[in-house]
Amino acid sequence: MSRLQKKKPQNEKRKRVVETESEADVAVKSTAAGKPVQATSASMAEKPVGQSETDNLFTKTADFLREVKVELKKVVWPTRKQTTGTTVVVVIFVFIVAIFLGIFDYSLSKLVQVVLT
């Protein structure tokens, strides 16, 4: 299944973290030997460990429920007449299959009795 692609409202967009260092300083820092080393941003070090997972879980759950609501609005529900008609057809089919299986079971049990006696 494909994921819904929709634009999020402005209030739900993730806020951009303002970094104290310039992008060039954060991207690459040089060591004493002159070799470039990838640096981590300051915001990653300040983030609490367990809180992001909890927020992420609640955010994912809320997004999922929002998508469910959107999809349920797209559903074309059957009318009462269609629902009762389909239900009647299913019930009749179940009775026909039950009668067929009952007759088949009865005939096989009689056949087994004849063979064994």
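Is V115 buried or exposed? The points below take up this residue and its surroundings.

1. Basis of the note. The structure is a predicted model, in which local features need pLDDT of at least 70 and side-chain atom pairs count only at pLDDT 80 or more, while totals for chains, interfaces and linings use all residues. Residues are numbered from 1 along each chain as its sequence is written, and side-chain values use heavy atoms, with hydrogens and water left out.

2. Overall fold. The protein has four helices and two strands, arranged along the sequence as α-β-β-α-α-α. Helices (H or I, at least four residues) and strands (E, at least two) are DSSP runs, numbered from the N terminus.

3. Surface and burial. The accessible surface of the protein is about 11500 Å², and carbon and sulfur atoms account for 65% of that area. Accessible areas come from the Shrake-Rupley method with a 1.4 Å probe; for residues, only the protein chains shown count as cover. Of the 117 residues, 3% count as buried. Buried means under 20% relative accessible area, exposed over 50%, and partly exposed in between (1.4 Å probe, protein chains only).

4. V115 and the nonpolar patch. V115 is exposed, at a relative accessible area of 62%, and belongs to helix α4 (residues 80–116). With F93, V97, F100, L101, F104, L108 and L111, V115 makes a nonpolar surface patch of about 810 Å². Patches consist of residues with over 30% relative accessible area and no salt bridge; like charges are joined within 9 Å, and nonpolar side chains (Val, Leu, Ile, Met, Phe, Trp, Tyr) within 5 Å.

5. Aromatic pair. One aromatic pair is found in the whole structure. The ring centres of F100 and F104 are 6.2 Å apart and the planes lie at 15°, so the pair is stacked. Rings of Phe, Tyr and Trp (its six-membered ring) pair if their centres lie within 6.5 Å; planes under 30 degrees apart count as stacked, over 60 as edge-to-face and the rest as tilted. Both residues lie in helix α4, four residues apart, or about one turn of the helix. F100 is exposed at 55% relative accessibility, whereas F104 is partly exposed at 47%.

6. Salt bridges. The count is two salt bridges, each defined as a side-chain nitrogen of Lys or Arg within 4 Å of a carboxyl oxygen of Asp or Glu. R66 is bridged to D63 at 2.8 Å, N to O; these residues are three apart in helix α3 (residues 51–74), which separates them by about one helical turn. K74 is bridged to E71, with the closest N and O atoms 3.5 Å apart. K74 is exposed at 54%, and E71 is partly exposed at 35%.
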